[in-house]
Amino acid sequence: MVKHSKPKAGSLAFYPRKRARRIYPAIKSIPTEKPKVLGFAGYKAGMVSVIVVDRDKNSPTFGQEVAIPATVLDCPPLKVVGIRAYEETKNGLKALTEVWAKNLPKDLERKVKVKPNEEKMKEMEEKLDKIARIRLIVCTQPRISGIRKKKPEVFEIEVGGKDAKEKLEFAKSLLGKEIKAKDVFKEGELVDVRSVTKGKGTEGPVKRFGVKIQPRKAHGKRRHVGTLGQERPGKVRFTVPQAGQLGFQTRTELNKRILKIGENGKEITPKGGFIRYGIIGSNYILIEGSVPGPKKRLIMLRPSIRVGKFKFLPLEVKEVIVGG
């Protein structure tokens, strides 16, 4: 009889296993780069197959056409509605001041009510010596996506640069304007994706941690751990696999390759649109492989922070195969 090994499926690196605070996450770690927008976001629409020419010299299919799976992100331009400056304190970053643009989108009132205050820009320039980081306050434009909703998401994107003055000048040039995916990323670039995973509600320890089901003659329960721990100390430790929340947690996947950045989403949309999403009417990004989260979930993208040997790995895209 062959013995099968089934290690515990739940990693303790992901504790506490509770629901995410917000349905779209924040980007906390960013690479240090020249004046540039260090992030973008798009709605997950579905997956397609992409025919590319294999450029890996160590691959048995080198030089041949191969099919690889790719995720389609619907990426309508982001609207820059404000600038926020942070100062470094002993307790971490603290918001110093913020400026809101004049031409705020009408749909922004559905999410947050603010008043334009571009006169505060002078105050921000006077406090340059205190500023540690500058971030753009941006909002999505779901009306021009296939998601069929009106309320935008509002979040911050880091601005790169060598000093506060350079960052502020770059941020001022974008205030009130739109940012497109091609302004931030290039085809073949490696990016990190961050999103909230599919929510599965309350699940037992078998599905949540992969514990073994007890044999038929087990006393008491079968889909349960054999013991809740030792006698002393007289408590149940958090490491004991038990029932609880599964999914709907923020996760980051590193080094995903951008296969293509397009401006006409209809060229990759199946007839009748993507199932449970719709028709992509504006810009889109094709990312190699899968990304966390269900359809319609907002996916955050940032430049890769753990780049290995290659920063750019361009592939020659021959054809995009979509469902009929």
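This is a predicted model: local features need pLDDT of at least 70, side-chain atom pairs count only at pLDDT 80 or more; totals for chains, interfaces and linings use all residues.
How many salt bridges does the structure hold? The count is 20.

Start with glutamate 316 and arginine 55. They form a salt bridge, with the closest N and O atoms 2.7 Å apart. Glutamate 316 sits in strand S15 (residues 316–321), while arginine 55 belongs to the loop between strand S2 (40–53) and S3, so the pair ties together parts 261 residues apart in sequence. Glutamate 316 is partly exposed, at 33% relative accessibility. Arginine 55 is partly exposed too, at 45%.

Other pairs involve sequence neighbours. Arginine 232 meets glutamate 231 in a salt bridge at 4.0 Å, N to O. Arginine 232 is exposed, with a relative accessible area of 62%; glutamate 231 is exposed at 64%. Lysine 256 bridges to glutamate 253 at 2.9 Å between the closest N and O atoms. Here lysine 256 is buried, at 14%, and glutamate 253 is partly exposed, at 28%. Shared partners also join Arg84, Glu98, Arg133, Arg135, Glu156 and Glu158 into one salt-bridge network.

Now turn to strand S13 (residues 284–288). Four of its five residues are buried, so the rest of the structure largely encloses it. Strand S3 (residues 65–74) runs antiparallel to S13, joined by five bridges. Strand S12 (residues 250–262) also pairs with S13 in the antiparallel sense, over four bridges. Isoleucine 285 in S13 is the bridge partner of leucine 73 and of isoleucine 261.

Finish at the surface. Arg148, Lys198, Lys200, Arg276 and Lys296 gather there in a patch of positive charge. Arginine 148 lies in the loop between strand S6 (131–139) and strand S7 (154–160). Its relative accessible area is 60%, so arginine 148 counts as exposed.

Conventions
Residues are numbered from 1 along each chain as its sequence is written. Side-chain values use heavy atoms; hydrogens and water are left out. Patches are made of residues with over 30% relative accessible area and no salt bridge: like charges are joined within 9 Å, nonpolar side chains (Val, Leu, Ile, Met, Phe, Trp, Tyr) within 5 Å. Accessible areas come from the Shrake-Rupley method with a 1.4 Å probe; for residues, only the protein chains shown count as cover. A salt bridge is a side-chain nitrogen of Lys or Arg within 4 Å of a carboxyl oxygen of Asp or Glu. Lys and Arg count as positive and Asp and Glu as negative; His and the chain ends are not counted. The place of a charge is taken as NZ of Lys, CZ of Arg, CG of Asp or CD of Glu. Helices (H or I, at least four residues) and strands (E, at least two) are DSSP runs, numbered from the N terminus. Buried means under 20% relative accessible area, exposed over 50%, partly exposed in between (1.4 Å probe, protein chains only). Two strands pair if DSSP finds at least two bridges between them.
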